[in-house]
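Colleague: Hi! Could you walk me through this structure in plain words?

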Amino acid sequence: MNRPAAVRALLALLAALALQGCSTSAYYWQSVTGHLQMMAGARPIPDWLADDTAPPALKERLQLAARIRAFAVTELHLPDNASYRRYADLHRSAVVWNVVAAPELSLTLKTWCFPVAGCVGYRGYFAEADAQAEADALRAQGLEASVYGVPAYSTLGWMNWAGGDPLLSTFIRYPEGELARLIFHELSHQVVYAPDDTPFNESFATAVERLGGARWLALRGSDAARTEYAGFDGRRRAFRALALATRRELAAIYKENPASVPAKQQQLAMKLEAMKRFRERYEALKADWGGFAGYDPWVARANNASFGAQAAYDEFVPGFEALFEREARDWPRFYDAVRQLAKLPKDERHRALTQPQPTQETPGA
């Protein structure tokens, strides 16, 4: 990236704050420089395919990603722009590490606020050590905190003029169905984004990834890809059902806000029992899975913060999927309906996604 482009990117990022952010200049600086370094390492897919030193396996994955990207436009009506048409090898396991935090007796996430993107329930760092330091500081304040690696994030379309969000080494080797889902998820953030409403935004993107991923596999996926995905998705659904049941159990425990110390101690004891049951049920799931241990790291760090973060991705997915059906599974109509929801006050849009709605008959059906 040349110097004028870098300056423009710096100004755009400082203005839009497309990355997670806070008000400190040091945090802004690591966000901006981290993103610029990532973009500087990205090259167009055709350049990688023409590179004799690029591994054949990587070229195959980039060709697959290009087909998925085209499918996103033609079949799902997702944006046709510069995003996910370049690739960068980051030489690390995550693009950013997110920090989430919540009180000892609550699933409500701490939020960080900035212009444009509004308030979000996480804070991202390009260096894992910085994320861990922030988590330690939050724990010192009496909060429960968790750090997790993120394979991709969206700049909401703000950086398409500079090459857009790239494909990354952190996810390019995902199973085919998962690769498709991730690309669809991140592109959907460029379709609709409601400031100050992480559950709405992430649930919408999760609904798009689920619906779009299923369509990709049905129309373009190989038998092997469908079989691989069925096993992967079956485990994910079972784990998320367990996490949801535990969140509901914890929410019931935290419903009261007692002032007395004995009552609070009772809540803490009930919380410990709920977490014990969660881990016991998880071990039973692992036995059913033949010992698959992919969720072990999540379970090991599970606390109010991690359960609260997971909720943001699940909470309104059923409502969005129902809306997709009401709009006759028509993608442009669905997106228009979601845009209308995003214009409503937060409480009103949340009610619309949780209350049953009458099914509209499709003309001629």
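Modeller: Happy to; we can go from the whole chain down to single residues.
This is a predicted model, in which local features need pLDDT of at least 70 and side-chain atom pairs count only at pLDDT 80 or more, while totals for chains, interfaces and linings use all residues. Residues are numbered from 1 along each chain as its sequence is written, and side-chain values use heavy atoms, with hydrogens and water left out.

Colleague: Great, how many helices and strands does the chain have?
Modeller: There are 14 helices and eight strands. Helices (H or I, at least four residues) and strands (E, at least two) are DSSP runs, numbered from the N terminus.

Colleague: And what percentage of the residues count as buried?
Modeller: Of the 365 residues, 52% do. Buried means under 20% relative accessible area, exposed means over 50%, and partly exposed is in between (1.4 Å probe, protein chains only).

Colleague: What does the accessible surface of the chain come to?
Modeller: About 17000 Å², with 55% of that belonging to carbon and sulfur atoms. The areas come from the Shrake-Rupley method with a 1.4 Å probe, and for residues only the protein chains shown count as cover.

Colleague: Now contacts: among those between residues at least 6 apart in sequence, what share join residues at least 24 apart?
Modeller: That share is 74%. Contact here means heavy atoms within 4.5 Å.

Colleague: Let's zoom in. Where is Arg181, and is Arg181 buried or exposed?
Modeller: Arg181 sits in helix H6, which covers residues 176-188. Arg181 counts as buried because its relative accessible area is 2%.

Colleague: Which side chain does Arg181 join in a polar contact?
Modeller: The partner is Glu209, at 2.6 Å. A polar contact is a pair of N or O atoms within 3.5 Å; within protein, one must be able to donate a hydrogen and the other to accept it, and residues adjacent in sequence count only if both atoms are side-chain atoms. Leaving out residues up to four places away in sequence, Arg181 touches Glu209, Arg210, Gly213, Tyr229, Asp233 and Arg236.

Colleague: Changing topic, how many disulfides are there?
Modeller: The count is one disulfide, a disulfide being a pair of cysteine sulfur atoms within 2.5 Å. Cys113 and Cys119 form the link, with their sulfur atoms 1.8 Å apart. The angle about the S-S bond is 110°, and the link is right-handed.

Colleague: Why does Cys113 count as partly exposed? And what about Cys119?
Modeller: Cys113 counts as partly exposed because its relative accessible area is 43%. Cys119 is also partly exposed, at 23% relative accessibility.

Colleague: What about pockets? How much space lies in the second largest pocket?
Modeller: About 360 Å³. The second largest pocket is lined by 18 residues, and the closest to its centre are Thr108, Leu109, Thr111, Thr198 and Pro199. On a 1 Å grid over the protein atoms alone, a pocket is an open set of points with protein on both sides within 12 Å along at least five of seven lines, a cavity is a set of points where a 1.4 Å probe fits but cannot get out, and lining residues have an atom within 4 Å of a point. Grid points are joined across faces, edges and corners, and a volume is the space filled by probe spheres set on the points.

Colleague: Which element gives the most to that lining?
Modeller: H11 does, with three residues. Strand S5 (118-120), helix H7 (198-219), helix H11 (304-314) and helix H14 (346-354) each supply at least two.

Colleague: Is Leu156 buried or exposed? And how does Ala328 count?
Modeller: Leu156 is buried, at 17% relative accessibility, whereas Ala328 is partly exposed at 30%.

Colleague: Last one: what does Leu341 touch?
Modeller: Leu341 is in helix H13 and touches Phe200, Leu323, Arg349, Ala352 and Leu353, not counting residues up to four places away in sequence. Leu341 counts as buried, since its relative accessibility is 11%. The C-alpha atoms of Leu341 and Ala194 are separated by 9.1 Å, though these residues are 147 residues apart along the chain.
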